[in-house]
Amino acid sequence: MTTTEPVRTRTSIVRVVGASLVGTTVEWYDFFLYGVAASVVFGELFFPKGEELTGTLLSFATFAVGFFARPIGGVVFGHFGDRLGRKQLLVLSLLMMGLATFAIGLLPTYAQVGALAPILLTVLRLVQGFALGGEWGGAVLIVSEHGDPARRGFWASWPQAGAPAGQLIANGVLAGLAAFQSDAAFNAWGWRIPFLLSAVLVLVGLWVRLRIEESPVFQEARAKQEPVDKLPIIEVITRYPREVLTAMGARMAENVSYYIFTIVIATYAKEHLGMGKSFALNAVLIGAAVHFFAIPMWGALSDRIGRRPVYLIGAVGVGVWGFLFVALLDTKDFALAALAVTVGLVLHGAMYGPQAAFFTELFGTRVRYSGVSIGYQLASIIAGGLAPFIAVALLKAYDSGYAIAVYVAVCAVISIVAVTSYTETHRRDLTTL
């Protein structure tokens, strides 16, 4: 009996991690696909003709709209996730994201239907943001609440690895199409293929997620829990305001740097450096592959030395690296550009790896889904949602990438203050919170 118990436990956590990773990969593929397309084709296809950077700015404005929908999704999914469980909401979020992404691949362009094209694009982006707002909290919680507390940082970091995995697939598909198609063919119909392929990925994700069990920590808490009068969001705001602000501050450097290193680079390379589409896409492909493995490495390290030290390595690192990132890109040398992205993403992973466990450890079980979703997604509005728009606006105003590097550095300072002002969490017992 004692010899089979560890095997069963290990099999269970591996299955849960796999289900979360597959689902987050699909969701981030859908979300990042939009971001990359916004930087290279949407400005031209869905908005009136004009100055190219202006069209890109309008395109990134619709990208930001998705982030404004994420906190709403976080509140709604968090409420029902804290009341009904993690698993059901994870299935629903994946289905919503997949349908919205597939529909984007069928949209008519501005040349075909005029102003209706950007309106439809914006509506579907809102659905994407709403779905992703509920996805992240459930994915990291169901892993954190299943796994061994001593290795929580490692196990919970794997759903985080779904971000570079999704980025890798999205950029890979787009880079492949750009390499084998003319710009005219890509703009006419080639860009639609990655969005339509989302349907296949969603079916795989749903099949995997439907086979996992509900979180044992949630089930235990629900069995003991007395009826509550407050809505989960009200309890989060009144009982955990400091934790919400800590999570928001910690996300500033992480979220902004990620979109600079993976999304804005495409616009910077194309509009400022005059390089082709494949220059930035291929550099991000290399960086994303390394990023995928760096995230669980940093998560495992946070189990040994704590969440705060690892997180601070990343925050300080991206604040400094932003300037070297721009200098390396300005050489127009592909090898140096790939190095710039790769190092930037490895440093980002030092924040993103321990982040799932860190945020999970901030809140009690009965409102944990709501707490992590609100803290994480509120920051998405002012951090990741506005990052491409602000970065391109800075580039347009100053005609220099170093203005963007200063922006990243300021965000890094905010994260450093947020993380250092809170106590270490990696020894906390989730069942007692």
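What follows is a set of questions and answers on a predicted model.

Biologist: At what angle do helix α5 and helix α6 pack, and are they roughly parallel or antiparallel?
Modeller: Helix α5 covers residues 116–144 and helix α6 covers residues 152–160. Their axes lie 8 Å apart and meet at an angle of about 150 degrees. Angles over 145 degrees count as roughly antiparallel. That makes the two helices, α5 and α6, roughly antiparallel.

Biologist: Is the crossing of α5 and α6 left-handed or right-handed, and how do the contact residues divide?
Modeller: The crossing of α5 past α6 is right-handed. From α5 come Trp136, Ala139, Val140, Val143 and Ser144; from α6 come Arg152, Trp155, Ala156, Pro159 and Gln160. The residues of this contact are seven nonpolar, two polar and one charged.

Biologist: Where is leucine 132, and is leucine 132 buried or exposed?
Modeller: Leucine 132 sits in helix α5. Its relative accessible area is 1%. Buried means under 20%, so leucine 132 is buried.

Biologist: Which residues does leucine 132 touch, and how far is leucine 132 from threonine 24 in space?
Modeller: Leaving out residues up to four places away in sequence, leucine 132 touches Glu27, Trp28, Phe31, Arg70, Met97 and Gln377. Leucine 132 and threonine 24 are 108 residues apart in sequence. In space, C-alpha to C-alpha, the separation of leucine 132 and threonine 24 is 9.0 Å.

Biologist: Which helix holds threonine 246, and which residues does threonine 246 touch?
Modeller: Threonine 246 belongs to helix α12. With a relative accessible area of 4%, threonine 246 is buried. Beyond residues up to four places away in sequence, threonine 246 touches Phe358, Ala418 and Tyr422.

Biologist: What span should α18 have, and how far apart are its end C-alpha atoms?
Modeller: Helix α18 has 19 residues. At 1.5 Å a residue, α18 should span 27 Å. The end C-alpha atoms of α18 agree with that, being apart by 27 Å.

Biologist: Which residues of α18 are buried, and what covers them?
Modeller: The buried residues of α18 are Ala403, Ile404, Ala405, Tyr407, Val408, Ala409, Cys411, Ala412, Ser415, Ala418 and Val419. An α-helix has 3.6 residues a turn, so residues three or four places apart point the same way. The cover over the buried residues of α18 includes α12, α14, α16 and α17.

Biologist: Where does lysine 332 lie, and what is its phi?
Modeller: Lysine 332 is in the loop between α14 and α15. Lysine 332 is partly exposed, at 42% relative accessible area. Its phi is positive, in a residue other than glycine, with a value near 65 degrees.

Biologist: What is phi of aspartate 399, and is aspartate 399 buried or exposed?
Modeller: Aspartate 399 lies in the loop between α17 and α18. Its phi is near 55 degrees, a positive value in a residue other than glycine. The relative accessible area is 55%, and exposed means over 50%, so aspartate 399 is exposed.

Key. Residues are numbered from 1 along each chain as its sequence is written. This is a predicted model: local features need pLDDT of at least 70, side-chain atom pairs count only at pLDDT 80 or more; totals for chains, interfaces and linings use all residues. Side-chain values use heavy atoms; hydrogens and water are left out. Axes are lines fitted to C-alpha atoms, for helices over the stretch in contact, and angles run from 0 to 180 degrees between N-to-C directions. Helices (H or I, at least four residues) and strands (E, at least two) are DSSP runs, numbered from the N terminus. Angles under 35 degrees count as roughly parallel, over 145 as roughly antiparallel, 65 to 115 as roughly perpendicular and the rest as oblique. A crossing is left-handed if the near helix is turned anticlockwise from the far one by less than a right angle, and right-handed if clockwise. Contact means heavy atoms within 4.5 Å. Ala, Val, Leu, Ile, Met, Phe, Trp, Tyr, Cys and Pro count as nonpolar, Asp, Glu, Lys and Arg as charged, and the others, Gly among them, as polar. Buried means under 20% relative accessible area, exposed over 50%, partly exposed in between (1.4 Å probe, protein chains only). The expected span of a helix is 1.5 Å times one less than its number of residues.
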